[in-house]
Amino acid sequence: KNVLTIDAMKYADEIGNNKVANVVLIGYMAKHTDIYKDIWVDAIKNTVPQKFVELNVKAFESGYNH
């Protein structure tokens, strides 16, 4: 088995809100699945309250790109 690690709190703090560490983790996990990135981003846009969408997409992208 492969074990992957990421310092989600560090990246969430860099974004400016440690409450999105879970979304950083989702982004990191998503990179290692067969589900297209756009599907994940659309899910965020369709489920997160509008005022938090931009922050959560940034968090997802941060995790996805690390």
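Let's start with Ile 35: it counts as partly exposed because its relative accessibility is 41%. Partly exposed sits between buried, under 20% relative accessible area, and exposed, over 50%, with a 1.4 Å probe and protein chains only.

A word on the model. It is predicted, so local features need pLDDT of at least 70, side-chain atom pairs count only at pLDDT 80 or more, and totals for chains, interfaces and linings use all residues. Residues are numbered from 1 along each chain as its sequence is written, and side-chain values use heavy atoms, leaving out hydrogens and water.

Back to Ile 35. It sits in the loop between helix H2 (21-31) and helix H3 (37-47). Helices here are DSSP runs of H or I, at least four residues, numbered from the N terminus.

Now helix H4. Ser 62 lies in H4, residues 50-64. H4 has 15 residues and reaches 21 Å from first C-alpha to last, close to the 21 Å expected at 1.5 Å a residue. That expected span is 1.5 Å times one less than the number of residues.

Which residues of H4 are buried? Val 53, Asn 56, Val 57, Ala 59, Phe 60, Ser 62, Gly 63 and Tyr 64. Their cover includes helix H1 (8-15), H2 and H3.

Take two of them. Ser 62 counts as buried because its relative accessibility is 12%. Leaving aside residues up to four places away in sequence, Ser 62 touches Tyr 11 and Ile 15. Contact means heavy atoms within 4.5 Å.

Asn 56 is also in H4. At 10% relative accessibility, Asn 56 is counted as buried. With that sequence exclusion of up to four places, Asn 56 touches Val 20, Val 23, Ile 44 and Val 48.

Conventions: Helices (H or I, at least four residues) and strands (E, at least two) are DSSP runs, numbered from the N terminus.
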